[in-house]
Amino acid sequence: MSEKSPARLYYKNNRIKQLRAFCFTAQAGSISRAAERLFLSQPSVSLQIQALEREMGITVFERRGPRITLTPDGKTLYELALPLVEGIDALPAQFAARSQSTESGRLDVAAGESSTLYLIPDLLRDFMDRYPESPVKLHNLIGADMLAALRNNEVDFAIGSMLDLPDDINYRPVYSFATSLITPLDHPLAAKSDITLEDLASDALILPPRHLTTWRLVNLVLQQQNIPYQVRLEVGGWEIMKAYVERGFGIGIASNICLTGREQLAVRPLPEVFPRRTYGVMWRRGKFLSQTARRFIELMDPNFFTAGQDQRFDINHEPSGNQVFVAASGAPSRRETSVAEDTAPLDTPAKPG
């Protein structure tokens with residue numbers, strides 16, 4: 001055995017670290033962002049990639065200012081290496097899932113307020129009726145807390161809608177909701193046939209808190225059109241917003257996810273410049289989803305884990321169709337909703353009010 005063998009063995013044992021650094025950098029398009037995800041220094045990640053290039057005899061990245069892109073060799077290596085890295089990273093979760101008792105398959109689901117109130121109740125009732133042996137814990141979380149729970153394996157997956165998705169989180173949309181103007185029944189805009197952006201600025205708005213997606217969407221649309229507006233009242237959730245609009249405090253802009261058709265409100269469609277908003281499933285990249293988790297998700301979409309009609313969706317890779325917003329005038333999603341249909345997703349039971 002040559003004297004170089006121990007060194008060669010050392011580098012082989014560290015190959016997975018090099019490949020992980022390479023794959024994370026390719027996903028993020030940045031060595032610094034990959035370093036943050038790996039909890040390493042930027043020089044450490046750079047050295048691992050350089051060592052990989054030397055051993056493979058190739059160049060994997062082209063550097064163009066602060067951004068880097070894959071070379072043709074880099075793309076080939078990424079396609080080969082990513083399943084290996086994800087397989088190694090998912091090994092503890094896969095082992096735990098295989099070794100746990102199938103009778104006690106506990107399910108932990110994270111969800112924001114909208115999903116908890118309007119999407120999950122009927123799904124949860126159906127799941128608990130079908131699988132009474134599987135206890136469920138519903139974690140009501142938002143934003144950074146939801147991402148932390150996914151990363152720390154505190155939950156199996158999350159249901160919701162999030163604007164800023166990091167590289168290590170997959171998101172697959174299942175439901176699509178339009179956004180509507182809601183007014184008191186006797187409000188002048190209630191009888192107007194076509195609502196304009198100027199109409200929205202003609203009265204004080206009631207909106208959910210600034211850190212939530214709806215406020216950011218309204219602000220983005222109106223600022224892009226150079227239309228000043230006034231927020232009279234900021235409230236903590238959809239039900240509170242609807243109650244205060246009914247009482248005449250102002251007009252509101254709400255996702256149709258919260259509209260049941262039983263409110264004492266006038267609901268008017270907004271201009272098409274407002275995109276539709278999607279809700280779906282979020283899980284950590286490389287996360288092994290247990291059979292219990294898959295059963296629940298398939299109640300949302302029976303074709304979620306199959307290659308079916310929509311080839312974009314791949315459980316092992318980030319789906320290309322992961323948009324939180326979709327064009328209002330575009331083709332309907334697989335779960336299309338509208339106020340006229342009492343906000344029930346197509347091909348699914350009517351959602352709870």
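The legends below describe close-up views of a predicted model.

**View 1. Packing of helix α2 against helix α3.** In this predicted model, the axes of helix α2 (residues 15-28) and helix α3 (residues 31-38) come within 8 Å and cross at roughly 125°. Because of that angle, α2 counts as oblique to α3, and the crossing of the two helices is right-handed. From α2, the residues Arg20, Ala21, Phe24, Thr25, Gln27 and Ala28 take part in the contact, and they meet Ile31, Arg33, Ala34, Arg37 and Leu38 of α3.

**View 2. Packing of helix α2 against helix α4.** Helix α4 spans residues 42-56, and its axis and that of α2 come within 9 Å, crossing at roughly 110°. The angle therefore makes α2 roughly perpendicular to α4. On the α2 side, the contact involves Arg15, Lys17, Gln18, Leu19, Ala21, Phe22 and Thr25, which meet Val45, Gln48, Ile49, Ala51, Leu52 and Glu55 on the α4 side. The residues of the contact of α2 with α4 divide into 7 nonpolar, 3 polar and 3 charged.

**View 3. Packing of helix α3 against helix α4.** The axes of α3 and α4 lie 8 Å apart, and the two helices pack at an angle of about 105°, so that α3 is roughly perpendicular to α4. Ile31, Ser32, Ala35 and Leu38 of α3 make this contact together with Gln42, Val45, Ser46 and Ile49 of α4. Of the residues in the contact of α3 with α4, 5 are nonpolar and 3 are polar, while no charged residue is included.

**View 4. The hairpin of strands β1 and β2.** Strand β1 (residues 61-64) pairs with strand β2 (residues 67-70) in the antiparallel sense, over 4 bridges. Within this pairing, phenylalanine 61 has leucine 70 in β2 as its bridge partner. The two strands form a hairpin with 2 residues between them, and glycine 65, which is in the turn, has a positive phi of about 65°.

**View 5. The β-α-β unit of β3, α6 and β4.** Strand β3 (residues 107-111) and strand β4 (residues 136-140) run parallel and are joined by 5 bridges. In this pair of strands, aspartate 108 stands opposite lysine 137 in β4. Together with helix α6 (residues 113-130), β3 and β4 make a β-α-β unit that is right-handed.

View 6. Strand β7 (residues 179-183) and strand β10 (residues 251-255) run antiparallel and are joined by 4 bridges, with isoleucine 182 standing opposite glycine 252 in β10.

Notes
Residues numbered from 1 in each chain as written. Predicted model: local features only at pLDDT ≥ 70, side-chain atom pairs only at ≥ 80, totals over all residues. Heavy atoms only, no water. Pairing = 2+ DSSP bridges. Right-handed = clockwise from strand over helix to strand, strands pointing away. Axes fitted to C-alpha atoms, helices over the stretch in contact; angles between N-to-C directions. Parallel < 35°, antiparallel > 145°, perpendicular 65-115°, else oblique. Left-handed = near helix turned anticlockwise from the far one by under 90°. Contact = heavy atoms within 4.5 Å. Nonpolar A, V, L, I, M, F, W, Y, C, P; charged D, E, K, R; others polar.
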